[in-house]
Amino acid sequence: MENLKARFHLPGLTENFKLNMVLITMLENCPQYFRDDVEIASFYGAFAPSLWAGGRALTSGINSPEQIKTVILALNERGIPLRFTFTNPLIKTEHLGDPYCNMVMQLANNGMNEVIVASDILEDYIRNMYPDYKITSSTCKRITDPEKLRSELEKDYNLVVVDYDLNNKWEILESLPNKEKCEFLLNSSCFPNCPKRSREYETVGMHHIELNRYLRSDSNEPFRMNEALDEFFSCPATKRLPFETRKLPHHISPEAVWNEYLPKGFNNFKIEGRGAGRLRVIENYMYYLIKPEYRDEARFMFLHNLEVNGVVKIDNV
């Protein structure tokens, strides 16, 4: 088998936009820092207040048409797709005409960009209305049955994000068809086999529905986030440092990426980090993308350029 590139899907169209632009520039100008055969395959996320969005609760950020066009152009002109996480599992037919989400889809409808879906209703709508988008099947579907996963990989998806409870379970993974369509979430901080995960996805989906209902109302009261989200925001998993996450059984190390997954034909990998905080995102980028012998130098240069570009402030001089 010819050498495969490790295709990384990185977090944050809005919260990490400037940070990610500095990363792209460093990859262009200092390729010696990066592991061999690294490719930035997409940046994933959504613009607030996208009703169709899922996985993480959105409240604010880049969201005007002009700002959205800037993000699309900045990434697409470098050959990198945007991948919208439109994974709200509670979508109904009444939500398909949402003007904001359709505006976003129209602005990025150039044949280069992608969308991640969890709802069959929304998937059918996008396939009919926006056939030029590549479609990814979301981990929010919680497909843990091997036979159902095999069936999902046979469908017309560009990629299928494997439920991370199956990470490192080689007795299942090696039997999968279309391995090039599998995408693995490398660094989840969630508890293995968490019984609350599907409910969290539904709660986040309801948050986005309620937020959009509030924005269309004439209420002068401040928007109150769904109280059910408090349980998930207070979950110990959200406070795990990257070094603790690496001890979890579903964690995939960079050594495993290059020594196990790539040789077996798996080459799509997703780094978690929407809403994780910049320090965690930076540490995970250094861990996965940078050669170990260059990490200290690359981390310094990355932080220096983030400060120069006004993304972070570290020095007091």
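Which side chains does a polar contact of 3.2 Å join? I began my notebook with that. The model I am reading is predicted.

**Entry 1: Arg-197**

I found the contact between the side chains of Arg-197 and Asp-163, at 3.2 Å. Next I looked for other partners. The side chain of Arg-197 also makes a polar contact with the side chain of Tyr-164, at 3.2 Å. I then placed Arg-197 in the fold: this residue lies in helix H7, residues 197-215. Is Arg-197 buried or exposed? Arg-197 is buried, with a relative accessible area of 1%. I listed what Arg-197 touches, leaving out residues up to four places away in sequence. The list holds Arg-142, Asp-163, Tyr-164, Asp-165, Cys-190 and Phe-191.

**Entry 2: strand E1**

I moved to strand E1, residues 6-11. Five of its six residues are buried, so the rest of the structure largely encloses E1. Which strands pair with E1? I noted E2, residues 38-45, joined to E1 by six bridges and running parallel. Within that pairing, Leu-10 stands opposite Phe-43. I also noted E8, residues 268-270, which pairs with E1 in the parallel sense over three bridges. There, His-9 stands opposite Lys-270. I then followed the chain from E1 to E2. With helix H1, residues 17-29, the two strands make a β-α-β unit, and the unit is right-handed.

**Entry 3: helix H11**

I checked the length of helix H11, residues 278-289. At 1.5 Å a residue, its twelve residues should span 16 Å. The C-alpha atoms at its ends are 16 Å apart, which agrees. How many residues of H11 are buried? Nine of the twelve are, so I wrote "mostly covered". Among them are Val-281, Tyr-285 and Leu-289. What covers the buried residues of H11 includes E1, H1 and E2. Helices H9, H10 and H12 are also included.

**Entry 4: cysteines**

How many disulfides does the structure hold? I found zero. I wanted to see why, so I took two cysteines in turn. For Cys-101, the closest cysteine sulfur is in Cys-140, 15 Å away, which is too far for a bond. A disulfide needs the two sulfur atoms within 2.5 Å. Cys-101 is buried, at 0% relative accessible area. For Cys-140, the closest cysteine sulfur is in Cys-190, 11 Å away, again too far for a bond. Cys-140 also counts as buried, at 14% relative accessibility.

How values were computed. Residues are numbered from 1 along each chain as its sequence is written. This is a predicted model: local features need pLDDT of at least 70, side-chain atom pairs count only at pLDDT 80 or more; totals for chains, interfaces and linings use all residues. Side-chain values use heavy atoms; hydrogens and water are left out. Buried means under 20% relative accessible area, exposed over 50%, partly exposed in between (1.4 Å probe, protein chains only). Helices (H or I, at least four residues) and strands (E, at least two) are DSSP runs, numbered from the N terminus. Two strands pair if DSSP finds at least two bridges between them. A crossover is right-handed if, with the strands pointing away from the viewer, the path from the first strand over the helix to the second runs clockwise. A polar contact is a pair of N or O atoms within 3.5 Å; within protein, one must be able to donate a hydrogen and the other to accept it, and residues adjacent in sequence count only if both atoms are side-chain atoms. Contact means heavy atoms within 4.5 Å. The expected span of a helix is 1.5 Å times one less than its number of residues.
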